[in-house]
Amino acid sequence: MATINVTRARAREVKAAARTRQRVPLGRRVRRHATGYLFMAGAVLCFAVFSWYPMIREVIMSFQYTNFAGNTKWVGLENYRHIFADPGFWAAWRTTGLFTLFALIFGYAVPFITALVLNEMRNARSYFRLLVYLPVMMPTVAAAFLWRWFYRADNTGLFNQILNFLHLPTVQWLQTSHIVSTLCLVLFSTWINMGSGVLIYLAALQSVPGELYEAAELDGAGALKRIWHVTIPQTKLILSLMLMLQIVGTVQLFLEPFVITGGSENTTSVVYLIYQYAFNFNNYGDASALGIMLLLVLMVFGGMYLWLARRVEQD
Amino acid sequence: MDRIRQRRTLAPALVACTALFAAAACSSGSGGNSPAAAATNAPVTISVGCEPPTSSTAARQGWVDDVKAFEKLYPYITIKSDDANPCDNPATFNAQLASGKMDNVFYTYLTDADNVISSGEAVDIQKYESQITDESDIQTSLLNVYRQGNTASGDLYGIPTGNYSLGLVYNRSLFTQAGLNPDQPPTTWAQVETDAIAITKLGNGIVGYGDYSAGNTGGWHFTAEMYSRGGDMVTSNGQSANFDNSTGTSVLQYLHQMRFVDNVMGTNQGLQYNDLLQDMASGKLGMYIGAPDNVTAIHANYKVPYTNLGVGPMPGETATLVGGSGYMFNKDDTAAQIEAGIKFVDYEFMTPGLGQFNYARMASLGQPVGLPEPEMWDGATAASNATQVAKYANIPTANFATYVSALPKMKLVVEPPQAQAIYAKGDAVMFSVLTDPTANISQLLSTFTSQTNTILANAQE
């Protein structure tokens with residue numbers, strides 16, 4: 001009760017201060033903070049020109065037929081109808097969903113497990129940390145072309161050469177099925193991106209108090225139980241943040257189908273389809289409409305995530 | 001608002017409106033109307049796009065020398081060269097066009113011509129047509145690309161300056177090793193199959209024939225192979241697909257047979273544009289459909305000797321897909337600028353012996369002379385060009401002899417409408433027949449047709 005009274009008193013104080021501020025003329029307030037506003041102006045201008053304006057323009061274009069040259073006309077929801085009617089639209093969402101699912105299983109778990117292992121290492125931890133981070137430092141497109149060679153279906157690809165050497169049957173990696181092709185892309189994506197995740201998880205693991213592990217050991221907890229009961233709860237915030245970033249990142253899949261498969265074997269993703277609409281078909285209206293759809297999906301996901309996170313926190 | 005403030009507000013507004021109307025009344029016409037006639041020899045400056053970049057040293061120097069020589073010939077004309085490359089980036093071309101910042105004389109691919117004409121960003125140059133050198137010798141099919149409606153009766157909006165036609169690029173060394181005559185490349189699809197089998201028997205990872213199936217190139221080659229068999233991708237009115245028939249079926253059945261029965265196409269599929277050039281350069285590929293400029297690209301990028309490469313006609317010798325480029329004129333150009341631009345385009349791109357056809361200079365700089373492209377002319381101009389090529393050729397022109405001799409007999413067909421969108425859907429069809437032994441060709445064609453009809457219907461709305 002005392003706490004509630006303090007809180008209410010504080011709220012009244014804040015409101016009173018706000019009313020006082022309101023009595024100060026706007027012009028005087030602006031002049032008082034002019035330097036701060038001037039410093040902000042550059043950043044606001046950049047955001048306005050390069051971030052907010054393109055977003056607003058995209059929303060507008062999603063209701064127009066435009067290829068930038070020629071007449072632009074309002075078409076209402078026609079663009080949305082077009083893309084719903086495109087068989088490639090549903091295939092792109094299926095591919096994106098499948099990639100995101102596989103990326104959650106491999107691309108989310110593998111960096112965390114790697115960080116756990118590195119955290120337990122006593123010797124050569126720096127060396128392995130560098131090794132894990134090296135792919136992140138490679139130019140992504142160059143790496144994608146390299147993996148394209150790795151996945152060659154004939155005996156000149158690296159993976160098939162290895163299989164040949166081991167007297168195992170070769171695999172037509174990117175040509176077997178939609179699932180296998182998608183897994184191949186996930187493997188590349190995990191390899192090139194996991195270094196950053198490993199470093200973030202390592203930092204989080206090293207902030208877990210050692211006494212908690214000691215206490216767990218004294219209680220007879222094995223390695224897996226320590227991870228489940230100590231490590232994961234202590235790193236919950238980082239894990240949930242990385243989960244959200246992982247999903248937002250993987251839903252925007254583009255580079256892998258663009259460079260490695262060229263969209264073949266049903267690996268066209270939603271963002272690759274946006275690219276196709278805009279730059280191959282010169283249909284910026286459809287591209288914008290699909291972009292808005294992607295935005296809405298991610299917003300819904302983001303909203304659900306925040307709601308769940310608050311529920312968990314309150315619990 | 002009180003009356004004094006009203007007057008203060010209205011007066012400047014009235015002055016501004018008067019000035020605007022005066023300016024509009026005095027301005028020269030634009031947006032599709034041809035400008036009034038130019039005063040002869042008044043000083044004029046034009047910007048021209050597609051100057052070779054500095055990384056292409058010889059080509060760049062050639063351009064600079066040509067501009068100097070041209071300005072000496074026409075002292076009242078100043079050329080401002082624009083070396084932004086690529087000259088026409090499909091991803092950004094429309095945005096550039098909409099910005100209104102195109103050069104006075106700007107470069108376009110043939111496939112952009114219709115788009116530019118309908119956008120109103122290029123000026124009608126019909127009344128200047130007679131000023132184009134040897135205009136009557138330019139191939140009608142190429143000139144029509146730059147005409148409104150793509151027919152001979154439409155007004156002219158640009159000048160074609162380069163073209164390529166697809167043929168059969170082949171490895172002469174592999175032909176020799178396989179016991180085939182490298183001077184007689186196959187001219188029918190049946191012969192391609194027979195020769196591919198012979199080449200594949202060489203073993204060591206060598207495949208007889210390759211084809212594309214990803215990155216929009218699969219659909220592109222399906223189109224080319226339809227044309228080669230006398231088929232078409234769309235109906236004559238361009239409103240619906242026209243390949244779900246015996247011709248379309250034969251294209252796919254042929255490839256499926258080559259891949260899974262003859263086993264002459266290798267296991268690695270999902271190939272995109274550069275893949276076949278690399279395979280050809282590595283000596284592991286016997287033949288593929290490509291343009292003659294692939295030969296110079298393979299030589300320049302992978303140092304393959306010209307003697308190892310040849311180009312034969314598109315199998316079937318019926319028709320082939322043609323592509324190319326040209327120049328159009330900015331809608332804001334004055335009459336003087338249009339006439340100056342035509343003079344420069346003539347000098348640099350349309351005169352055997354000058355500009356891009358200065359074979360003496362190209363040979364002295366070690367640039368390849370003798371490639372069978374561009375092939376823009378018929379009649380006397382074509383003959384004059386051929387004579388000069390023969391005089392200065394420094395690559396074995398005999399390696400292209402069959403391609404050159406077959407071309408006049410073949411119909412040159414430009415890409416279908418909404419080509420890139422159709423090609424993207426065609427990729428899935430090609431990929432399926434080249435990777436799935438149980439591919440249902442009939443079903444694939446049916447799905448492709450439905451997708452193409454949707455694309456064409458959307459484009460008409």
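**Two chains, questioned**

Visitor: Which domains does the assignment give for chain A?

Guide: This is a predicted model. In chain A, the domain assignment gives domain 1 (2–75) and domain 2 (81–314). Their centres, taken over C-alpha atoms, are separated by 35 Å.

Visitor: What makes the contact between domain 1 of chain A and domain 2 of chain A?

Guide: Domain 1 of chain A puts in ten residues, and domain 2 of chain A puts in eight. A pair counts as a contact if the C-beta atoms, placed from the backbone, lie within 7 Å. On the side of domain 1 of chain A that touches domain 2 of chain A, helix 3 (34–61) and strand 1 (64–67) of chain A each give two or more residues. Strand 1 of chain A gives the most there, with four residues. By class, that side of domain 1 of chain A has five nonpolar, four polar and one charged.

Visitor: Why is chain A called more spread out than a compact globule?

Guide: Start with the make-up: chain A has 15 helices and two strands. Its radius of gyration is 26 Å. The globule rule gives 20 Å for 315 residues. The value for chain A is well over that, so chain A is more spread out than a compact globule. The C-alpha atoms of chain A fill a box of roughly 85 × 75 × 35 Å along the principal axes. Of the 315 residues of chain A, 29% count as buried.

Visitor: What share of the contacts in chain A join residues at least 24 apart?

Guide: The share is 64%, among contacts in chain A between residues at least 6 apart in sequence.

Visitor: What angle do helix 5 of chain A and helix 12 of chain A make as they pack?

Guide: Helix 5 (residues 87–120) and helix 12 (residues 236–251) of chain A pack at about 140°, and their axes are 9 Å apart. Their crossing is right-handed. From helix 5 of chain A the contact takes residues including A:Phe99, A:Ala103 and A:Gly107. From helix 12 of chain A it takes residues including A:Leu243, A:Ile247 and A:Val251. The contact of these two helices of chain A counts seven nonpolar, five polar and no charged residues.

Visitor: How many residues of chain B are in contact with chain A?

Guide: 32 residues of chain B are in contact with 27 residues of chain A. On the side of chain B that touches chain A, at least two residues each come from helix 3 (90–99), helix 4 (113–119), helix 16 (419–435) and helix 17 (441–460) of chain B. That side of chain B divides into ten nonpolar, 19 polar and three charged residues.

Visitor: How many helices and strands does chain B have?

Guide: Chain B has 17 helices and ten strands. Its C-alpha atoms fill a box of roughly 95 × 55 × 40 Å, taken along the principal axes. Of the 461 residues of chain B, 45% count as buried. Among contacts in chain B between residues at least 6 apart in sequence, 77% join residues at least 24 apart.

Visitor: Which domains does the assignment give for chain B?

Guide: Domain 1 of chain B is 44–162 + 324–398, and domain 2 of chain B is 167–322 + 400–460. Their C-alpha centres lie 29 Å apart. The contact joins 14 residues of domain 1 of chain B and 18 residues of domain 2 of chain B. The side of domain 1 of chain B that touches domain 2 of chain B has eight nonpolar, four polar and two charged residues.

Visitor: Why does B:Val123 count as buried?

Guide: The cut-off for buried is 20 or more other C-beta atoms within 10 Å. B:Val123 has 28 C-beta neighbours inside 10 Å, so B:Val123 counts as buried. B:Val123 sits in the loop between helix 4 and helix 5 (140–145) of chain B. B:Val123 and B:Asn330 are 207 residues apart in sequence, yet 5.9 Å apart in space, C-alpha to C-alpha.

Visitor: Is B:Asn204 buried or exposed, and how do you know?

Guide: A residue is exposed with 12 or fewer such atoms. B:Asn204 has 6 other C-beta atoms within 10 Å, so B:Asn204 is exposed. B:Asn204 lies in the loop between helix 7 (189–200) and strand 6 (207–210) of chain B.

Visitor: Is B:Asn216 buried or exposed?

Guide: B:Asn216 has 22 other C-beta atoms within 10 Å, so B:Asn216 is buried. B:Asn216 is in the loop between strand 6 and helix 8 (217–228) of chain B.

Methods. Residues numbered from 1 in each chain as written. Chains lettered and ligands numbered in written order. Predicted model: local features only at pLDDT ≥ 70, side-chain atom pairs only at ≥ 80, totals over all residues. Domains from an automatic or database assignment. Contact = placed C-beta atoms within 7 Å. Nonpolar A, V, L, I, M, F, W, Y, C, P; charged D, E, K, R; others polar. Rg over C-alpha atoms; globule rule 2.2 N^0.38 Å. Axes fitted to C-alpha atoms, helices over the stretch in contact; angles between N-to-C directions. Left-handed = near helix turned anticlockwise from the far one by under 90°.
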